[in-house]
Amino acid sequence: MKKWFIPLIIVAVIAFGVYNWAVGFNNTAVEHEANAKTAWSNVESSYQRRNDLIGNLVSTVKGAADFEKSTLTQVIEARAKATSTTIDPSNITPENLEAFQEAQSGLSGALSRLLVSVERYPELKANQNFLDLQNQLEGTENRINVARDRYNKAVNTYDIFTSKFPNKILAGWFGFEEMARYKADPGAEKAPEVDFDFE
């Protein structure tokens, strides 16, 4: 056996091992990234459901005599901003996620003011259509929370996998970057003030 043959076999075995490792890393990273993108699509789907329900809620409230027009206008404008702010799942950057979250928070705030205002209108509080929409909205808010938690969990799995050594080296070579997580709204750590005085 020639002397150069053994080093050649060793190099070939090492190259084959590195190739298998790189392929395995890439395939697993692609799978984790796709799971995170799907989880993000579910977040957007939940928000879309909320936007659709808010449209129906606004239509119902519009029928109430003398309902505050400014409150309705705020909800309509916030809804328009929220529906126009979307994120391409392949480009979930911290900046894009912050803009999306800000738009959704604005809509949540406007919706809260609308629901508080409704307390002054007994005919709306007794309207079965309004009550059904309000219940569906509450359920949808829970779905949104679950979808955001699942998205963060999928991102966490992806980020841990691509950040561990030596995977981090391959992540840089293959272009796998850290994904942004959904964070609590600013001020969410403070308990909201509840005022039941509608006088």
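How many aromatic pairs does the structure hold?

1. The model is predicted, and the structure holds eight aromatic pairs. One of them joins Phe-25 and Phe-174: the ring centres are 6.1 Å apart and the planes meet at 20°, so this pair is stacked. The cut-off for stacked is under 30 degrees.

2. Phe-25 belongs to helix α1 (residues 5–62) and Phe-174 to helix α6 (residues 167–174), so their pair ties together parts that are 149 residues apart in sequence. Phe-25 is buried, at a relative accessible area of 2%.

3. Another pair is formed by Tyr-158 and Phe-176, with ring centres 6.4 Å apart and planes at 65°, so it counts as edge-to-face. Tyr-158 sits in helix α5 (residues 128–163), while Phe-176 is in the segment after α6; the pair therefore ties together parts 18 residues apart in sequence. Both Tyr-158 and Phe-176 are buried.

4. These rings belong to a cluster: ring pairs link Phe-25, Tyr-158, Phe-161, Phe-174 and Phe-176.

5. Is Arg-50 buried or exposed? Arg-50, in helix α1, has a relative accessible area of 0%, so it is buried. Leaving aside residues up to four places away in sequence, Arg-50 touches Gln-104, Leu-107, Ser-108, Leu-137, Thr-140, Glu-141 and Ile-144.

Notes. Residues are numbered from 1 along each chain as its sequence is written. This is a predicted model: local features need pLDDT of at least 70, side-chain atom pairs count only at pLDDT 80 or more; totals for chains, interfaces and linings use all residues. Side-chain values use heavy atoms; hydrogens and water are left out. Rings of Phe, Tyr and Trp (its six-membered ring) pair if their centres lie within 6.5 Å; planes under 30 degrees apart count as stacked, over 60 as edge-to-face and the rest as tilted. Helices (H or I, at least four residues) and strands (E, at least two) are DSSP runs, numbered from the N terminus. Buried means under 20% relative accessible area, exposed over 50%, partly exposed in between (1.4 Å probe, protein chains only). Contact means heavy atoms within 4.5 Å.
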